Amino acid sequence: MRRLFAPLLAGRLGALLVLAFLSWNANAFDLADLQEQLRAAPVVRGHFVQQKFLRSLPQPLTSRGDFTLATGKGLLWLLRTPIAQDLRIDASGISRRDETGKWQALPQRSGASRENQLFLSVLAGDTAGLRENFDLELSGESNAWQLVLTPRSALLRQIFESIRINGAALVDRIELRETQGDRSVLQMTDATAAQTLTAEEQSAFAD
């Protein structure tokens, strides 16, 4: 009797394991899910802490401030420490707000426009845009995920070893590991999603 029961039990357990695997695979969190999740927030604002770890310095260079990321418009990057400086980054370049409140475009080197777009794609977790330059590896679930970017082009491989983006409903941490051993860590705190810009933010993007 036991000899008959054992194969039957093993067969049922095997079937249950197959069903469990198929169920998990069907509900796995993938790049399309991540893209949809992040696009649900057309406006994201919060605080940031940026640390630059240089091999030549014992302590990281740290800056803090506030940010507003708006789909289709760009990024407001408002530094508060160690200096106060308002920056606006979009596909066309980087601008700085002067003492009169006017935005002045900063000089750009060759290829800067592509770098700006790359930065915006990384910050927004734009997987479609990132696929053009990186191999993407996503792990985790919707409430705790990590996206690892490995550069494909020879040019980017000269700069980055990898880029790691962590988040939940929103992106909350980005780490850029450079080939020379330096790295940058950007942490977004108290980030909140919104559907519209404030009047002040609309003015900043319109100028």
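## Pocket and sheet

The second largest pocket is lined by 25 residues, and Leu69, Thr71, Gly72, Leu120 and Ala124 lie nearest its centre. A pocket here is an open set of points on a 1 Å grid over the protein atoms alone, where a 1.4 Å probe fits, with protein on both sides within 12 Å along at least five of seven lines; lining residues have an atom within 4 Å of a point. The model is predicted: local features need pLDDT of at least 70 and side-chain atom pairs pLDDT 80 or more, while totals for chains, interfaces and linings use all residues. Residues are numbered from 1 along each chain as its sequence is written, and side-chain values use heavy atoms, without hydrogens and water.

At least two lining residues come from each of α2, β2 and α3 (112-124), with α3 giving the most, five. Helices (H or I, at least four residues) and strands (E, at least two) are DSSP runs numbered from the N terminus.

An open sheet of 11 strands has antiparallel pairing and the order β6-β5-β4-β3-β2-β1-β11-β10-β9-β8-β7. Its edge strands, β6 (103-105) and β7 (134-141), each pair on one side only. Pairing requires at least two DSSP bridges between two strands. Five bridges join β10 (residues 171-178) to β11 (residues 183-194), and Leu176 stands opposite Ser184 in β11.

Two helices lie across strands of the sheet, with contact meaning heavy atoms within 4.5 Å. Angles run from 0 to 180 degrees between N-to-C directions of axes fitted to C-alpha atoms, for helices over the stretch in contact.

| Helix | Lies across | Angle |
|---|---|---|
| α2 (residues 31-39) | β7, β8 (144-151), β10 | about 110° to β8 |
| α6 (residues 199-206) | β1 (43-53), β2 (61-70), β3 (74-81), β4 (85-90), β5 (93-97), β6 | about 110° to β3 |
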